[in-house]
Amino acid sequence: MVTTHNLGFPRIGAKRELKFALEAYWKGQNSRDALITTGADLRARHWRDQAALDLVPVGDFSFYDQVLDMSFTLGNLPERVRGFHGDALDNYFRVARGRSAAGNDGHAGCCGGVAAGEMTKWFDTNYHYIVPEFDAHTSFTLDASRLLEQVAEARALGVAAKPVIVGPVTYLALGKAKDGSDRLSLLPRLLPVYAELLRTLAGQGVEWVQIDEPILVTDLDAAWVEAFTQAYAALKDNGVNLLLATYFGELRENLTLAASLPVQGIHLDAINARQEVEALIRAVRDDRVISLGVVNGRNIWKTDLTAALDWLEPVARHLGKRLWIAPSCSLLHVPVDLAGERKLDEDLKPWLAFAVQKLTEIEVLATALRRGRDAVAAELAANTEAIAARRASARVNNPAVKAATTGINAAMGQRNSGFAIRAARQQARLNLPLYPTTTIGSFPQTREIRLSRSAFKAGTLDLQAYQQAMRQEIERSVREQEVLGLDVLVHGEAERNDMVEYFGEQLDGFTFTQAGWVQSYGSRCVKPPILFGDISRPRAMTVDWIIYAQSLTAKPMKGMLTGPVTILNWSFVRDDQPRSLSCYQLALALRAEVLDLERAGIGIIQIDEAALREGLPLRRSQWGEYLAWAVESFRITANGVADDTQIHTHMCYSEFNDIIAAIADMDADVITIETSRSDMELLNAFDSFNYPNQIGPGVYDIHSPNIPTEAQIIDLMTKAARRIPAERLWVNPDCGLKTRQWNEVVPALASMVNAARTLRTQG
Ligand code: GLN
Ligand code: ZN
């Protein structure tokens, strides 16, 4: 008989209760007790939502991040927060975000703010974890209190608890040695603490522990392979059964390793690694549990249950009670409950499944496996109908778009002339000074802008009045830029709520949820658009705003678009066609917008690809394929313009070494990047590659309220000019200014413009 379970549940709450409780606590508007109560209420509710499962995850709840929780469980606190006199939870927030709460920790004098822990992306998701910090002297001591409390709490509610922890090898792999020492040398010190944790849980009567080792789906070198063998030899025989969980991809060459570890069960992501199910079954001892992730934990589509049963039934017959089923990964990466969607497109709603619905799918599959398909005939029939409706829907399939993507050819991504000729023609048209100054696109999203937008959405402000308010904001931005003396202006993006949503709302093939929130980090959530159908552009999306902005100034006004790869990577996308095809469809729609802008007389067009790098697959061997279609999509979007139209792109991150050839291949005339925090050292990647086109290395960090001085900017640009010839350099901030205040933006840009003027006189 099959066993059902879940790897993790979203903790933010269907109404983002955790977000609001956390933020109120941090502002000092809520007591610690109130926050703790909210946490307990959410856990209880989420366990109820999962009550039909045979085993329910416990310990997956977190006040900030599960990796940071693990650091506290292992007693691995950064030196700078040790000796804190306040409550442990406050100290936890100090690591998470640099401080605990306004006013109510009472320790501002003795042990107040500290540097927050570094944050980075959890594998290829948009979830960010707090990077564990190590050095050669790191030691570990067990603090099992959080887990034990949650296990006890679950027990009291009658929950069949399966504690979830991050495994030791993944924990080390995800961390950083601050002193450059080898973090694997810490493994012998770490393992006894894990063993003690397992024994402690066994002492509480826990039978199964889920130990997450997603690092097994990545490229591992020999030392890390060896670490697995060593680690799991030390963790066996501690009184609990271990379910080793892998997810987000295929095990490939690590399959034999995973299968050889002395654990009682293995979870495989049978969405991404379906083709490995058989090999895994053959490779593991025949008394081991095989848990298969059969429902996609990374997207919002209903599972085709009949298709799933078709391959699952023979596996179930073979494995008998050794088979467990679950979602492919933790449901942290999907919204909580479709039932909360009141305004969602009625055609589309039956095609979707959020966390709660995905667990129902697991139940239906389990019932069919236990008692035959007849026992769930009605559920299966309804599912088949929804799947068929989606497949056949005219909302999904647009023959004209399909024909257009078939018509894509390499010439579409090819500029008429090489960079040198284009640069000369653009200069003849634009007549820009040496070290031209510009910004990345957005200006402050002020309170007035947000109020106008919400009034417009609520229907209390009509379209005309809203557009008028936005035009006023654009005018303000243009005036400010003229006074500052910037060379290439932007309209400021006042009319955009979000750089992806703004375009999604205007393209056919996208829909939006009301409450489809997914945790990004800490209390922050995103609400990804749903790309469900063939993409087309019914009408121009940005042209009127840009023409209006250009009408206010004699300086060049940049057109401003979000690129196809970034729109794709920040949305929930179709699972019925390759990502590459959806990306090409986006590219065609955006190409039409680019050409419309050009026809309207706009001479410079920026196409942001902020999320290009984060789409890199987990395995290096797959990078080439991804970069090929990602770059081609950008080229199709951008490169249909005449030689004297200048294409800019923007990427706000600082790791280019791996992708510099792909960036050069995009062939944008100008790329603006984030560099200020790297002291221009990241330009080395461009320098040693002999990157041929123009570059705007960001000269100040827009995330900080600090105002850069002219001298600092001159210093940075001087360093830049040692790597890239001055004729090819632009001067601009690291990223857009939407989160800043005007009173920060104006002096910062004044320093920037003055720095450029000084540099010109020196040049
Ligand atoms: N044009 C966008 C802005 O200025 C770019 C944002 C980004 O790269 N994240 O806000
Ligand atoms: Zn940016």
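## Notebook: loops, helix pairs and a zinc site

**Two phenylalanines in loops**

I started with F123, which comes out as buried, its relative accessible area being 13%. A reminder to myself before going on: this is a predicted model. I then looked up where F123 sits, and found it in the loop between β3 (119-121) and β4 (128-130). What is the phi of F123 near? I get a value near 50°, which is positive, and this residue is not a glycine. That was worth a note, because most residues other than glycine have a negative phi.

Next I went to F248, another non-glycine residue with positive phi, here near 85°. I located F248 in the loop between β9 (241-245) and α10 (255-260). Is F248 buried or exposed? F248 has a relative accessible area of 6%, and under 20% counts as buried, so I put it down as buried.

**I165 and what surrounds it**

I moved on to strand β6 (residues 161-166), where I165 lies. I165 has a relative accessibility of 2%, so I have it as buried. Which residues touch I165, once neighbours within four places in sequence are left out? My list reads M70, L147, Y194, L197, L198, V209, Q210, I211 and D212. I also checked the C-alpha distance from I165 to D212: it is 6.2 Å, for a pair 47 residues apart along the chain.

**Helices α8 and α9**

Two names on the I165 list, Y194 and L198, turned up again when I looked at α8, where both take part in the contact with α9. I noted that α8 (residues 187-203) and α9 (residues 222-235) pack with axes 9 Å apart, at an angle of about 35°. The hand of this crossing is right. On the α8 side the contact uses L187, P188, L191, Y194, A195 and L198. On the α9 side I wrote down A227, Q230, A231, A234 and L235.

**Helices α22 and α23**

From α22 the contact draws on R579, S580, C583, Y584, A587, L588, L590, R591 and V594. From α23 it takes W629, E632, S633, I636, T637 and A638.

While in α22 I stopped at E593, which belongs to this helix. How accessible is E593? The relative accessibility is 0%, so this glutamate counts as buried. Setting aside neighbours within four places in sequence, I find E593 in contact with R537, R539, A540, M541, T542, V543 and L561.

**The zinc ion (ligand 2)**

Which protein atoms hold the zinc ion? I count NE2 of H650, SG of C652 and SG of C735 as its protein donors, at 2.0 to 2.4 Å. The site has 4 donor atoms with angles of 88 to 120° among them, and it is tetrahedral. I wrote the spacing of the donor residues in sequence as H-x1-C-x82-C. C652 is in the loop between β19 (646-651) and α24 (660-666), and C735 is in the loop between α26 (710-723) and α27 (742-762), so these two tie together parts that are 83 residues apart in sequence.

C652 is partly exposed at 25% relative accessibility, whereas C735 is buried at 18%.

Q66 is in helix α3 (residues 66-73) and is buried, with 15% relative accessibility. Beyond neighbours within four places in sequence, I see Q66 in contact with R11, W122, Y127, V166 and L332. How far is Q66 from R599? C-alpha to C-alpha I get 51 Å, with 533 residues separating them in sequence.

A392 lies in helix α14 (residues 377-392), and I have it as exposed, with a relative accessible area of 62%. From A392 to N657, which is 265 residues away along the chain, the C-alpha distance is 44 Å.

Technical notes
Residues numbered from 1 in each chain as written. Chains lettered and ligands numbered in written order. Predicted model: local features only at pLDDT ≥ 70, side-chain atom pairs only at ≥ 80, totals over all residues. Heavy atoms only, no water. Donors = N, O, S within 2.8 Å, 3.2 Å for Na, K, Ca; no water. Tetrahedral: all angles 85-135°; square planar, octahedral: opposite > 155°, others 65-115°. Helix = DSSP H or I, 4+ residues; strand = E, 2+ residues; numbered from the N terminus. Buried < 20%, exposed > 50% of the residue type's maximum accessible area, 1.4 Å probe, protein only. Contact = heavy atoms within 4.5 Å. Axes fitted to C-alpha atoms, helices over the stretch in contact; angles between N-to-C directions. Left-handed = near helix turned anticlockwise from the far one by under 90°.
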